Structures are given as C-alpha cells and as structure tokens.
Amino acid sequence: MTAYIQFHTRARVREGELDDFLDVATRFVEAVESEPGADSCACYVDRETRTVSFFEIFHDVDAFLAHFEHPPAAALVPEMNPKIEEFERIELFGDVPADVLDGLADKRFAVACAPEHAAFVGKDR
C-alpha cells in the first residue's frame with residue numbers, strides 16, 4: 001500500500017478579509033495541485049463563521065515535506081497568513097515521522113495525527 005499523507009488545516013479568517021483570502025486560497029490550491037506527489041487539494045469555507053478548511057493528500061511523506069518548499073504554493077503563504085485570525089488545528093493522517101510532528105507542534109495551533117490507514121481507495125497518477 002502507498003503511504004498517503006492527508007493534511008487538514010482549519011482556520012478562521014479575519015473579519016472583512018474572507019473574499020481576499022479566498023482569492024489567494026484558489027491560487028494556492030491550483031499551485032498545490034501542480035506539485036509532484038500532490039494527489040489533491042481543496043479548500044472549503046463556512047462564510048457565516050469565516051472558517052476555512054484545507055484538505056490536501058500527498059502520495060507519501062516525501063511529497064508532503066516537499067510541499068513546504070514548493071515555490072508557487074510557498075510564495076502564497078505570506079499573503080494568506082496575515083488574513084487568518086486563528087489557526088484552529090492541523091490534522092495529519094498517515095505515517096508521519098515524529099520529527100515532522102514535533103516541527104509542526106512548534107507552531108501556534110494544535111496538531112493531531114492518526115498514523116495508520118484502516119482503508120483507503122485512491123487512484124495512482
């Protein structure tokens with residue numbers, strides 16, 4: 001079985017910033033989907049609460065780690081982050097090394113990880 005990594009980020013956007021944030025988020029999703037090893041990326045929004053959730057699936061932990069260095073997506077993060085009022089949490093699903101989890105734990109949000117796949121259906125590219 002391939003060692004897919006699913007990455008879920010949930011945050012609340014500052015009041016008055018949601019439309020601008022979503023413009024940048026659309027470009028971010030397109031940039032992530034161009035990354036080698038990125039199988040999918042989606043952003044969902046609850047306009048009433050200004051809550052956004054990103055769901056990203058990477059083919060393996062190497063693709064997940066490379067995601068943080070991918071120039072098109074990484075260049076958009078400084079544009080998005082000031083529009084975020086609060087990062088609520090990050091959830092990782094898959095076998096993520098402890099040092100990666102430790103690095104994420106240094107950020108300003110809660111990190112949760114479920115390391116074992118019970119079942120997964122995906123299409124290889």
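Helices (H or I, at least four residues) and strands (E, at least two) are taken as DSSP runs, numbered from the N terminus. The model is a predicted one, in which local features need pLDDT of at least 70 and side-chain atom pairs count only at pLDDT 80 or more, whereas totals for chains, interfaces and linings use all residues. Residues are numbered from 1 along each chain as its sequence is written, and side-chain values use heavy atoms, with hydrogens and water left out.

**Exercise 1. Locate H70 and classify its burial.**

Step 1. H70 is placed in the loop between helix 2 (61-67) and helix 3 (71-74).

Step 2. Relative accessible area under 20% means buried, over 50% exposed, and in between partly exposed (1.4 Å probe, protein chains only). The relative accessible area of H70 is 16%, so H70 is buried.

Step 3. A contact requires heavy atoms within 4.5 Å. Leaving aside residues up to four places away in sequence, H70 touches A31, S34, E35 and P36.

**Exercise 2. Describe the chain as a whole: which pattern does it follow along the sequence?**

Step 1. The chain contains five helices and five strands. Their order along the sequence is β-α-β-β-α-α-α-β-α-β.

Step 2. Of the 125 residues in the chain, 36% are buried.

Step 3. Among contacts between residues at least 6 apart in sequence, 68% join residues at least 24 apart.

**Exercise 3. Determine how many aromatic pairs there are, and classify the pair of F28 and F54.**

Step 1. A pair of aromatic rings is described by the distance of the centres and the angle of the planes. Rings of Phe, Tyr and Trp (its six-membered ring) pair if their centres lie within 6.5 Å; planes under 30 degrees apart count as stacked, over 60 as edge-to-face and the rest as tilted.

Step 2. The count by this rule is seven aromatic pairs. For F28 and F54 the ring centres are 5.6 Å apart and the planes stand at 80 degrees, so this pair is edge-to-face.

Step 3. F28 belongs to helix 1 (residues 18-33) and F54 to strand 3 (residues 51-58), so the pair ties together parts 26 residues apart in sequence. F28 is buried at 6% relative accessibility, and F54 is buried at 7%.

Step 4. Y44 and F55 also form an edge-to-face pair, with 5.7 Å centre to centre and 80 degrees between the planes. This pair links Y44 in strand 2 (residues 38-46) to F55 in strand 3, 11 residues apart. Y44 is exposed at 52%, while F55 is partly exposed at 30%.

Step 5. F7, F58, F64 and F68 are linked into a cluster by ring pairs.
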